Amino acid sequence: MKMEDEGCFSKAVAVMACTGLAFFYVAILYCPTLILRLPPPTSLANFMIRRFICAAVFSVISILVTSLVLPIRSWQASYLFGVYGIRADHIWHAVVFPLFLTSLMYAGSLLSKTLLLVNSWKEYKILNEADSFDCIRDALLKFFDWTISVSSNVVAWRNYVVAPFTEELVFRACMVPLLLCGGFKPYNVVFLSPIFFSLAHLNHLWELYSRQNCSMLKAVMVVGLQLGYTVIFGSYASLLFIRTGE
């Protein structure tokens, strides 16, 4: 990605644009009740679906708005998608290497869960005097049941699909090109863009304190830990985007 050489607009404009994206990404989540005056959702599923729609709508708006700000040389679909890192070339490298590096970040957790799975497999085999084929079949059935349970869980859809997809579109695909075009160097963008990503999670402080009746100290500790994690992971994700262009 060579956008930092173009200096299409000032750094202040880039920062204000990213701040606006972060603010409105959160603000639109409260749009149904505060602006549209819709009745409160009757269930967690309805509440989540409303937020899914709001996040998806703003992701599309963010792409359209940034396409008007960025120096788009061609309006061909391949070039336009490429600006946001959606490209077909070198897709193998862009998937395999980041996936491998990300797995290393969670190597401890993956190893721990693998050891627990092996131990439970051994215990099942001893208690039920089953052979290896029965153990594998039972593990596959449990995995199938778990998959069905997760696929019908609206919170899982938020954590694994909607939130990652929309956040990457807004906070990486839109913000990183904006900051590069604003004249920021790539290493500055790596550490700057996650700050906007972290600030977008400050609404959790208000939700924990006012809605879930947590003490201010506990809310600050929970959100502080979340902000620290988002800064670290956001820097890593931004680095991958800049280096791979995907």
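In which helix is Leu 34 found? I find Leu 34 in helix α2 (residues 31-34), where helices are DSSP runs of H or I of at least four residues, numbered from the N terminus. I note that this is a predicted model, in which local features need pLDDT of at least 70 and side-chain atom pairs count only at pLDDT 80 or more, while totals for chains, interfaces and linings use all residues. Residues are numbered from 1 along each chain as its sequence is written, and side-chain values use heavy atoms, with hydrogens and water left out.

Leu 34 counts as exposed because its relative accessibility is 55%; with a 1.4 Å probe and protein chains only, exposed means over 50% relative accessible area, buried under 20%, and partly exposed in between. From Leu 34 to Phe 171 I read 24 Å, C-alpha to C-alpha, across 137 residues in sequence.

Next I searched the whole structure for salt bridges (a side-chain nitrogen of Lys or Arg within 4 Å of a carboxyl oxygen of Asp or Glu), and the search found one. Arg 172 forms a salt bridge with Glu 168, their closest N and O atoms being 2.8 Å apart. The two residues are four apart in helix α8 (residues 154-181), so about one helical turn separates them. Arg 172 is buried at 2% relative accessible area, whereas Glu 168, at 32%, is partly exposed.

Last, I looked up Thr 230, which has its place in helix α11 (residues 216-244) and is buried at 5% relative accessibility. Leaving aside neighbours within four places in sequence, Thr 230 is in contact (heavy atoms within 4.5 Å) with Pro 194, Phe 197, Ser 198 and His 201.
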